[in-house]
Amino acid sequence: MRIAVIPGDGIGKDVTAEAVKVLKAVTQVTGRSIDLEPLPWSADYFLETGITLPPNGYTMLRNEFDAILLGALGDPRVPDNRHARDILLGARFELDLYVNYRPVRLLDDRLCPLKNRGRKDVNFVVFRENTEGVYVSVGGRFKAGTEDEVAVQEEINTFKGVNRIVRHAFEYAAAHGHKKVCMADKSNAMQQGHALWQRVFKTVAAEYPAIQATHMYIDALAMFLVKDPGQFEVVVTNNLFGDIVTDIGGALQGGLGMAASGNIHPGKTSLFEPVHGSAPPLAGKNVANPIGAILSAALMLDTLGATDEAARIEAAVEAAVHQDQTTADVGGTLGTSQVGDGIAARVRA
Ligand code: NAD
Ligand code: IPM
Ligand code: MN
């Protein structure tokens with residue numbers, strides 16, 4: 001398999017190095033051939049060359065690679081975040097990666113931030129629509145910089161976009177033996193765009209009578225994720241709400257550094273990345289938690305059919321967490337690269 005590796009900015013570089021280390025270890029053990037091709041696209045590259053990604057960048061990713069592993073993008077020296085928009089959001093749009101799959105699974109009771117809750121309460125998945133919503137940058141600014149400024153940012157919801165993510169959530173639930181799918185929107189206030197979510201959800205739910213279809217307004221979902229996360233199995237929501245609630249999901253797993261994700265178009269070149277960002281204050285200090293990145297690499301392998309390798313990585317991560325072989329954010333005393341070394345060693349053992 002051929003993988004494009006984009007470490008990106010800040011701790012993206014630190015954690016991706018560890019994910020690569022673990023990928024090399026696991027493929028060495030199983031004998032699977034893997035070609036990890038580093039791509040320099042980042043704030044540094046943009047500031048040096050003026051290029052965010054080359055004109056053939058998306059075509060190259062789509063045609064020459066089986067998957068993309070990304071660290072994070074975001075750097076204070078690029079205040080308008082242009083490179084992240086082109087590289088990350090650009091890949092989501094141009095490769096049509098409409099499923100943002102964000103599993104929320106607590107690996108050890110000790111890491112749960114909620115009182116009297118544990119692993120049985122934190123085990124669900126979020127499907128975030130990943131190609132439309134407010135992320136499409138439809139809109140504009142009029143009289144920018146003056147006291148008469150008008151700023152418009154439209155939310156785009158299409159039948160195609162809503163239908164395919166809602167359908168994906170139900171298909172996933174059915175395939176994985178889940179009994180519940182919860183859709184979250186803001187249809188009480190956003191009576192145009194989210195009426196479409198309501199209509200589609202009801203239509204698709206009717207095709208899955210064995211699955212209990214529930215609805216929550218997004219504000220209530222945020223509250224129940226903290227108060228009683230055990231009620232959730234599969235959550236589906238739009239791009240912005242999914243972004244926000246999966247940071248809550250990160251916290252439920254012990255911290256943002258633990259959370260993995262896949263930006264997926266089933267059957268096509270997809271992109272895998274930790275949920276967290278580039279955390280500039282932590283960059284280059286060997287303190288960032290690499291587990292979200294390592295679990296994203298496992299998710300990538302699983303999606304590509306390398307299920308044995310994925311399971312080996314997941315087991316190694318779980319063992320490391322149980323034995324406190326972790327970074328400080330989740331209670332350990334190790335550095336980023338020592339955590340990666342430990343997980344790689346467990347994968348080899
Ligand atoms: P962030 O996720 O980078 O960091 C928020 C806080 O979470 C950090 O200060 C740190 O306390 C903690 N944290 C995050 N990841 C961690 C890890 N691996 N180990 C330990 N602690 C960790 O979010 P932010 O500070 O809002 O954003 C920083 C930059 O990252 C911005 O430029 C933002 O746009 C970008 N960003 C990029 C992505 C991405 O590329 N996918 C995702 C989110 C944010
Ligand atoms: C994420 C990030 C991105 C998003 C940013 C960097 C644009 O927060 O992947 O969760 O909002 O989608
Ligand atoms: Mn986010």
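**Helix pairs and ligands**

Guide: Helices α1 and α9 are oblique to each other, a class for angles that are not under 35 degrees (roughly parallel), over 145 (roughly antiparallel) or 65 to 115 (roughly perpendicular). Before we go on, this is a predicted model, in which local features need pLDDT of at least 70 and side-chain atom pairs count only at pLDDT 80 or more, while totals for chains, interfaces and linings use all residues. Residues are numbered from 1 along each chain as its sequence is written, chains are lettered from A and ligands numbered from 1 in the order in which they are written, and side-chain values use heavy atoms, with hydrogens and water left out.

Visitor: At what angle do α1 and α9 cross?

Guide: Two packed helices are described by the angle between their axes and the distance between the axes. Axes are lines fitted to C-alpha atoms, for helices over the stretch in contact, and angles run from 0 to 180 degrees between N-to-C directions. Helices are DSSP runs (H or I, at least four residues), numbered from the N terminus. Here α1 (residues 11-30) and α9 (residues 291-303) cross at roughly 45°, with axes that come within 8 Å. The contact (heavy atoms within 4.5 Å) involves V15, E18, A19, V22, L23 and V26 of α1 and A293, I294, A297, M300 and L301 of α9. Those residues of α1 and α9 divide into 10 nonpolar, no polar and 1 charged. In this scheme Ala, Val, Leu, Ile, Met, Phe, Trp, Tyr, Cys and Pro count as nonpolar, Asp, Glu, Lys and Arg as charged, and the others, Gly among them, as polar.

Visitor: How do α7 and α8 pack?

Guide: Helix α7 (residues 218-227) and helix α8 (residues 239-252) have axes 10 Å apart and an angle of about 5°. That makes α7 roughly parallel to α8. In their contact, I218, L221, A222, L225 and V226 of α7 meet F241, V245, I248 and L252 of α8. The tally for α7 with α8 is 9 nonpolar, no polar and no charged.

Visitor: And what about α10 and α11?

Guide: The axes of α10 (residues 307-322) and α11 (residues 336-348) cross at roughly 125° and come within 9 Å. That makes α10 oblique to α11. From α10, R312, I313, A316, V317, A319 and A320 meet I343, R346 and V347 of α11. By class, the contact of α10 with α11 has 7 nonpolar, no polar and 2 charged residues.

Visitor: Now the ligands: which residues are closest to ligand 1?

Guide: A residue is near a molecule if one of its heavy atoms lies within 4 Å of it. Ligand 1 is surrounded by 19 residues, the closest being L73, E273, G277, A279 and N289. For polar contacts, look for a pair of N or O atoms within 3.5 Å. A backbone N or O atom of L73 is 2.9 Å from an oxygen atom of ligand 1, and a polar backbone atom of N289 is 2.8 Å from a nitrogen atom of ligand 1.

Visitor: Which residues are around ligand 2?

Guide: They are R92, R102, R128, Y135, D243 and E273. An N or O atom in the side chain of R92 lies 2.7 Å from an oxygen atom of ligand 2. A polar side-chain atom of D243 is 2.8 Å from an oxygen atom of ligand 2.

Key
Helix = DSSP H or I, 4+ residues; strand = E, 2+ residues; numbered from the N terminus. Polar contact = N/O pair within 3.5 Å; in protein donor to acceptor, adjacent residues only side chain to side chain.
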